[in-house]
Amino acid sequence: MWINLYTLIYDFFFPEEQETPIYAMAAALSLRAPPPALASAIALRTFSTTLLSTPLKPLFASSSRALRSTPFPPFLSLLPSRRLAVRACADGGNGASFSRQFDFDLFTIGAGSGGVRASRFAATYGAKVAICELPFSTISSENAGGVGGTCVLRGCVPKKLFVYASQYSHDFEESHGFGWAYESEPKHDWSTLIANKNAELQRLTGIYKNILQNAGVTLIEGRGKIVDPHTVEVDGKLYTARHILISVGGRPNLPEIPGIEYAIDSDAALDLPSKPEKIAIVGGGYIALEFAGIFNGLKSEVHVFIRQKKVLRGFDEEIRDFVSEQMSLRGIEFHVEETPQALVKSTDGLLSLRTNKGTIDGFSHIMFATGRRPNTKNLGLENVGVDLAENGAILVDEYSQTSVDSIWAVGDVTDRLNLTPVALMEGGAFAKTVFLNEPTKPNFTAVPSAVFCQPPIGQVGLTEEQAIQEYGDVDIYTTNFRPLKATLSGLPDRVFMKLIVCANTNKVLGAHMCGDDAPEIIQGIGIAIKAGLTKWDFDSTVGIHPTSSEEFVTMRNPTRKIRKDSASVVEMSGDKIKSAG
């Protein structure tokens, strides 16, 4: 009876397809066709059991907006997934995609972290998936990229390897207080670092290719461009897909000033033929500070130029002050409130940087770390009606869907929260929404992050300024101490920690740290913040001794109490209490 019912429904809606009903139904339910040689008796039994036990919901959703509207009728939810309709507006208003055949269920442009995650998950859920990416290169361009994307090839991973390399000089310096002596100063070989880094990048891009291959994703090398809401062109060849995902990330953004052609960006800084002797780094964000620490640790002379009074705009104010002080103690020179106006190259090959305050000469390299822009140029987005922000970012809804129903976007190209783990989260949420019919929004609350400067920063939750604005009454707990290691090394290293607590609920709203191992420590603290734990939960946790991290569970007394209604700040120091209106 069930087979006859399905046969009637299937033949009524798709009379042009006279396939075996059991075969078609099994493909719809499992998204993988069963072996043709499957015995008919087993097929009948499997079909009946699966049909009666499977929840009646569509396997492939065509639109997150559709998922939030009236559900499909039960019988339509059992039809082959590629026959589910998208909204008519995605096909020019005539609903043509209902009966249209596509080469792929999903075509992804950009094989970075978010694109690979989304494609792999979609394929695991049964979709037929293709992904395109530019040929490999350590430095990105209009014609070069590589499977793995920015983070793996010219961002997080190689940057962290450089951080490791640069930390040894500080370790050598610390070691003297512990009895170590060297007959000569250790020397660093830049070419060895570059060669080993590039070998690791080749290994990683190979791993990413294997991940895609093992998931059944078709990898196409070349530059993708959107032709229409369901068509992508890659180097002259056209591919059609029910859904298109854009995950092309961002590119370094350099200002248009005279002599900018002499500058390098973060891509080039990771692949220089020789180590800088004296480098100017323009910018006050996390990329600028991370490279300042790298080159300082590798014994370059480092100057950092920032337009503002402080580094790391948007971070907690006390963290901003503390990290600047600590980096200055390590020999980095900060030039605040200086705006670059021109670069000049002299006959000896050295560079000069002219700012609104004067000119500094003698730089072997000048690096600009002045932000990144979404890499949406020449993708054809404007031609198909995808809405873009002023900076070129793709505007998406809370499910990562663009203004065109069949086109989606995840990662830095959307300029939401530009972190690799966030792109992974967005890619996974997209795949669940579209190919599992489980509408899933990326959750951007309490996302931990780190700055791998030296000393490093870890943070999760709200800054003090954000907490005051959102909650009004907050209690602030801070500690600033000399870590145990520094007692013998004799170096001026210190650690700063901070907890921000809602005065009314005792909930911990934010945690911030600057000091050795801060990123590792904050990853654990992030779980507590995400879970909504209270200051009492922190206080009742037994610390691990001797560690810096135990300070997060031993800060008993608030440094200050802020009460918005009375516009007062009560500062506490030992037995002294100071009120400021």
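Aromatic pairs: the count comes to 13 in this predicted model. The rule takes rings of Phe, Tyr and Trp, the last by its six-membered ring, with centres within 6.5 Å; planes under 30 degrees apart are stacked, over 60 edge-to-face, and the rest tilted. Take Phe 430 and Phe 435. Their ring centres lie 6.1 Å apart and their planes stand at 85°, so this pair is edge-to-face. Buried or exposed? Phe 430 is buried, at 0% relative accessible area. Phe 435 is buried too, at 1%. Buried means under 20% relative accessible area, exposed over 50%, partly exposed in between, with a 1.4 Å probe and protein chains only. There is also an aromatic cluster, formed by Phe 162, Trp 190, Phe 291 and Phe 295.

A word on the ground rules. Numbering starts from 1 along each chain as its sequence is written, and side-chain values use heavy atoms, leaving out hydrogens and water. The model being predicted, local features need pLDDT of at least 70 and side-chain atom pairs 80 or more, while totals for chains, interfaces and linings use all residues.

Next, charges over rings: NZ of Lys or CZ of Arg within 6 Å of the ring centre and within 35 degrees of the ring normal. Lys 128 has its charged end over the ring of Phe 104, 5.4 Å from the centre. Lys 535 lies over the face of Tyr 477, at 4.3 Å from the ring centre.

Now the sheet. Helices (H or I, at least four residues) and strands (E, at least two) are DSSP runs, numbered from the N terminus.

Last, Thr 414. This residue lies in the loop between strand 16 (407-409) and helix 13 (420-435). Thr 414 is buried, with 6% relative accessible area. A polar atom of its side chain lies 2.7 Å from the backbone oxygen of Gly 411. Thr 414 also touches Ala 393, Ile 394, Val 396, Ala 409 and Glu 426, not counting residues up to four places away in sequence. Contact here is heavy atoms within 4.5 Å.

Notes
A polar contact is a pair of N or O atoms within 3.5 Å; within protein, one must be able to donate a hydrogen and the other to accept it, and residues adjacent in sequence count only if both atoms are side-chain atoms.
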